[in-house]
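Please look through this structure with me, one feature at a time.

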Amino acid sequence: MGYEIKNQFLNVKINSREAELASVKSVNSDTEFLWQADPEVWNRHAPILFPIVGRLKNDTYQYQGKSYQLSQHGFARDKEFKLLSQENDAISLVLRDDEASLKEYPFHFELVITYRLLNNLLIEDLSVKNPSNEEMYFSIGCHPGFNIPVNDQLKKNNYYLQMFPSKDHIRIPISKETGLHDWAKRTIAATDTPIELNDELFKDDALVFELKEATKLSLRSEKTSYHINVTTENSPFIGVWSQYPKTANYVCIEPWWGLCDDINADGDISKKRGIIKLAPNEEWTGKITIALHE
């Protein structure tokens with residue numbers, strides 16, 4: 001099922017399946033900001049990553065002596081969410097544990113995704129509640145893909161990514177072969193200067209950076225006013241990704257509250273790097289803000 005919210009600046013469509021953004025258009029020009037899920041390249045728009053981010057070692061983890069399997073990025077991106085509330089410019093969708101999810105993930109949960117419009121801003125609120133009497137462990141992330149408009153005068157490599165505040169960040173290497181990170185080999189990346197977009201940038205998989213403060217990542221070009229800013233207040237990591245070797249004119253900017261497994265992970269989810277531990281009957285919240293300009 002599809003839903004729609006809008007204001008005088010933006011018209012946004014959301015799929016009930018995984019509470020995924022499906023379209024973000026300018027009311028004034030009909031410009032589409034969101035990647036339109038070409039199945040020949042990457043068949044998603046903006047998946048919600050839950051209850052893990054990235055890949056597990058051998059797609060397996062352990063909890064209280066039992067082994068469980070989860071595929072990359074978890075199951076929320078393939079689940080049907082239910083409508084919780086809707087207004088003209090805001091919507092909330094909810095996913096709760098069920099018999100099927102408990103076989104993969106032995107925790108009760110309530111995951112609420114809320115989209116709100118404020119002028120040219122699209123705000124995405126994330127909420128995870130633990131309704132049980134036991135601790136739960138999870139990671140969560142946003143994975144929106146944004147169009148990179150090109151024409152006869154404007155090429156993909158005319159666009160760049162800029163991080164604010166402008167400073168170097170720690171980069172965490174991800175292996176394209178295993179989908180795992182190597183924490184021991186993280187490096188200092190020169191993110192105090194623009195990162196030019198090109199098809200080779202993602203040949204080794206996503207660029208993943210550790211964050212220590214509120215950060216804005218901007219997709220822009222000096223040759224056009226079209227640009228997109230993604231701001232995260234408290235995510236400890238951010239990923240930047242596009243499909244390779246299949247390439248197309250889009251890039252994903254992904255605030256993450258979690259990471260894929262380390263190459264040396266022992267599989268214990270309670271010890272997983274970046275995992276969030278949520279106490280019984282408590283709620284965790286996160287937020288990203290997407291500013292859309294043309």
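The points below go from the sheet and its strands to the cores, the open spaces and some backbone details.

1. Basis of the remarks. This is a predicted model, in which local features need pLDDT of at least 70 and side-chain atom pairs count only at pLDDT 80 or more, while totals for chains, interfaces and linings use all residues. Residues are numbered from 1 along each chain as its sequence is written, and side-chain values use heavy atoms, with hydrogens and water left out.

2. The open sheet. Strands here are DSSP runs (E, at least two residues) numbered from the N terminus, and two strands pair if DSSP finds at least two bridges between them. An open sheet is formed by 9 strands in the order S7-S8-S9-S10-S24-S20-S19-S14-S17, with antiparallel pairing. S7 and S17 (195–196) stand at the edges with a single partner strand each, so one side of each is left without a neighbour in the sheet.

3. Strand S8 and its partners. S7 (residues 82–87) pairs with S8 in the antiparallel sense over 5 bridges, and a hairpin of 2 residues joins S7 to S8. On the other pairing, S8 and S9 (residues 110–118) run antiparallel and are joined by 7 bridges. Ala90 can be followed through both pairings, as it stands opposite Glu87 and has Arg116 as its bridge partner in S9. S8 itself (residues 90–96) is mostly covered, with 6 of its 7 residues buried, where buried means under 20% relative accessible area, exposed over 50%, and partly exposed in between (1.4 Å probe, protein chains only).

4. Two further strand pairs. S14 (residues 159–164) and S19 (residues 215–221) run antiparallel and are joined by 6 bridges, with Tyr160 opposite Arg220 in S19. S1 (residues 2–6) pairs with S2 (residues 10–15) in the antiparallel sense over 5 bridges, and the two form a hairpin with 3 residues between them. In a regular strand the side chains alternate between the two faces of the sheet. In S1 the covered face holds Tyr3 and Ile5, and the uncovered one holds Gly2, Glu4 and Lys6.

5. Nonpolar cores. A nonpolar core is a set of buried Ala, Val, Leu, Ile, Met, Phe, Trp, Tyr and Cys residues joined through side-chain atoms within 4.5 Å. The largest one has 71 residues, and those with the most contacts inside it are Phe50, Leu111, Phe138 and Leu219. A second, separate core of 18 residues includes Leu49, Ile172, Ala206 and Tyr250. Leaving aside neighbours within four places in sequence, Phe50 is in contact (heavy atoms within 4.5 Å) with residues including His73, Tyr105, Leu111, Val128 and Phe138.

6. How many cavities of 30 Å³ or more does a search of the whole structure find? The search finds 1, and the largest cavity has a volume of about 30 Å³, with Leu21, Glu124 and Cys142 among the residues that line it. The largest pocket has a volume of about 400 Å³ and is lined by 22 residues, of which Gln72, His73, His143, Asp205 and Trp241 lie nearest its centre. On a 1 Å grid over the protein atoms alone, a cavity is a set of points where a 1.4 Å probe fits but cannot get out, and a pocket is an open set with protein on both sides within 12 Å along at least five of seven lines; lining residues have an atom within 4 Å of a point. Grid points are joined across faces, edges and corners, and a volume is the space filled by probe spheres set on the points.

7. Backbone details. Most residues other than glycine have a negative phi, and most peptide bonds are trans. The peptide bond from Phe50 to Pro51 is cis, with omega near 5 degrees, and another cis bond joins Tyr244 and Pro245, where omega is about 10 degrees. Ala19 has a positive phi of about 55 degrees; this residue lies in the loop between S2 and S3 and counts as buried at 0% relative accessibility. Asp205 has a positive phi near 95 degrees, lies in the loop between S17 and S18 (207–210), and is buried with a relative accessible area of 16%.

Notes
Helices (H or I, at least four residues) and strands (E, at least two) are DSSP runs, numbered from the N terminus.
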